[in-house]
Amino acid sequence: MASGARTRWSALAASALIQCFAGSSYCFGIYSPALKSSQGYDQSALDAVAFFKDVGANVGILSGLLAAWAPGGLRRPWLVLLAGAALCAAGYLPMWLAVAGVAPAPLPLVCFYMFLGAQAQTFLNTADVVTAVENFPDRRGTVIGIMKGFLGLSGAILVQVQRTIRIDPGSFILMLAILPTAITLLLMYFVDVYSAQRRYNKKFLDAFSLIAVTVAGYLMVAIICDQVFVISSAVQSVCFVILLLLVMSPVAVVLKAQKTESKQQSLGERTGLLPEGTAEDSENASSSTALVGSGQGTSPDKVNLNVVQAMCKLNFWLLFLAMACGMGSGLATVNNISQIGGSLGYTSRETGTLVSLWSIWNFSGRFGAGYISDYFLRSRGVGRPFFIAATLLIMSAGHAIISSGLPASLYIGSVLVGLCYGSQWALMPSITSEIFGLNHFGTIFNTVAVASPIGSYILSVRVVGYIYDKESPQGELACTGKHCFTLSFGIMACVCVFGSVVASVLFIRTRKFYRRVIYVRLMSFVEK
């Protein structure tokens, strides 16, 4: 990605690479045992730290405001990325010092460190997602799925780095302070908003999707093989090199796309003909960018709503409540997955595998929901809130399976919960951009994301942590047996059913709006 060839493709590739290492919050299950033992925390104290992680990783209002800041009509995504890199180092470095015993810290200070480190993820994610949507406004579901998908994979990628260089969970925190920061500083120059009026070839966007699926498939095979077979350090290193090559492969797509578009542009200038094989033209892209509104079954307004105007809409609060149920229960699951595994007799290596596989399911949900909802939206006019309602019902089944405590229930349940949790992270930003517009998209979707830590606090700290400590033998910090989590996951299953009902109401309210969006898009394309 040469400096003289910065395009929407180089921005997409750089954003994807940053996303691959930005999801440090998904690795909490790896280093939480070290944090708990070194600081002498009980489960409620550890869940308090996890809550601040969730707040930091999901409350991205500041990053949204910074992303929306456009002096002279130009956005500054590099500034958002720079702030994210600084927060990453400022949070995880002192936390590592506390765990290592170099600079001991009380619980409130550790919570603050956790908040800073996790807050970095919102800055990196906001810059990457907003830039991708503005560069590809007519394929927002697909590019959000790609960005969110790579972020979902980042947990598994970071765990593979840890296992390859063979560092302990405490030192893993130091790695989280260094690696995402360095990669962001290296690539942030390429992340920028370019003209969305130029035509582009969709096959290159499909290539990014294919790479994401390939990386996910490779990681899943590597994780399963690592669990089943005894792999030497040499083989582990070779596998990691292959993973790095796959992660870097978007660079090849960028070079090919820029070369092809350069030839097409030269040909068009000489002949006066537009190149073939391109995606919807600029007029169609412009019309899709303008399709925003109240989403209450009426004609889409031409005015983009700001965050205050959006919060005055019932649809905003319906989406918020549905996300609190789904994302909150999903976070409660991944935050406690090590403790759930321990109570059911899983080894630390098995729970580490569960954390890695969670990233795969998380990716699959994010990528699949973006692609599938785009397809049904374009072909049949099915509104994305329908898929929110469906995934919440499936998530309820996953919680019920974990609650049973049966053999392999944690593996099966975590697959369902991880898939649905990832789906909601792809669907929510897309719905936000369509109902409320793109001008304040970063701020509004990060405001809706506040539902995630709120739901997580209620379900993880006040439900899961409280019941776990009640079920633990008096004077002990650990609980053994399926009774430790049976009641709490039964409660979360009921919460997800309620969330599905709320999302169904949102779907009914926005049906006519989504059909109108599809109609306008198709008509603008046919007229050309």
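The largest nonpolar core holds 152 residues. A nonpolar core here is a set of buried Ala, Val, Leu, Ile, Met, Phe, Trp, Tyr and Cys residues joined through side-chain atoms within 4.5 Å. Buried means under 20% relative accessible area, exposed over 50%, and partly exposed in between, with a 1.4 Å probe and protein chains only. W9, Y31, Y92, L153, M323 and M428 touch the most other members. Helix α6 (residues 107-135) gives the largest share of this core, 13 residues. Helices are DSSP runs of H or I with at least four residues, numbered from the N terminus. In soluble globular proteins, nonpolar side chains tend to be buried together.

This is a predicted model: local features need pLDDT of at least 70, side-chain atom pairs count only at pLDDT 80 or more, and totals for chains, interfaces and linings use all residues. Residues are numbered from 1 along each chain as its sequence is written, and side-chain values use heavy atoms, with hydrogens and water left out.

Leaving aside neighbours within four places in sequence, Y92 contacts S24, S25, Y31, M114, G117, A118, I173, L176 and A177. Contact means heavy atoms within 4.5 Å.

Helix α14 (residues 314-335) and helix α19 (residues 441-448) cross at roughly 50°, and their axes come within 9 Å. Axes are lines fitted to C-alpha atoms, for helices over the stretch in contact, and angles run from 0 to 180 degrees between N-to-C directions. The two helices are therefore oblique to each other. Angles under 35 degrees count as roughly parallel, over 145 as roughly antiparallel, 65 to 115 as roughly perpendicular, and the rest as oblique. F316, L319, F320 and M323 of α14 meet I444, T447 and V448 of α19.

Now look at another pair. Helix α9 (residues 202-228) packs against helix α10 (residues 233-248) at about 165°, with axes 10 Å apart. That angle makes α9 roughly antiparallel to α10. On the α9 side, the contact uses I211, T214, V215, Y218, L219 and D226. On the α10 side stand Q236, C239, I242, L243, L246 and V247.

Two loops deserve a stop. R166 sits between α7 (140-165) and α8 (169-187). Its phi is positive, near 55°, in a residue other than glycine. R166 is exposed, at 53% relative accessible area. A408 lies in the loop between α17 (385-404) and α18 (409-436). A408 is not a glycine, yet has a positive phi of about 65°. At 36% relative accessibility, A408 is partly exposed.
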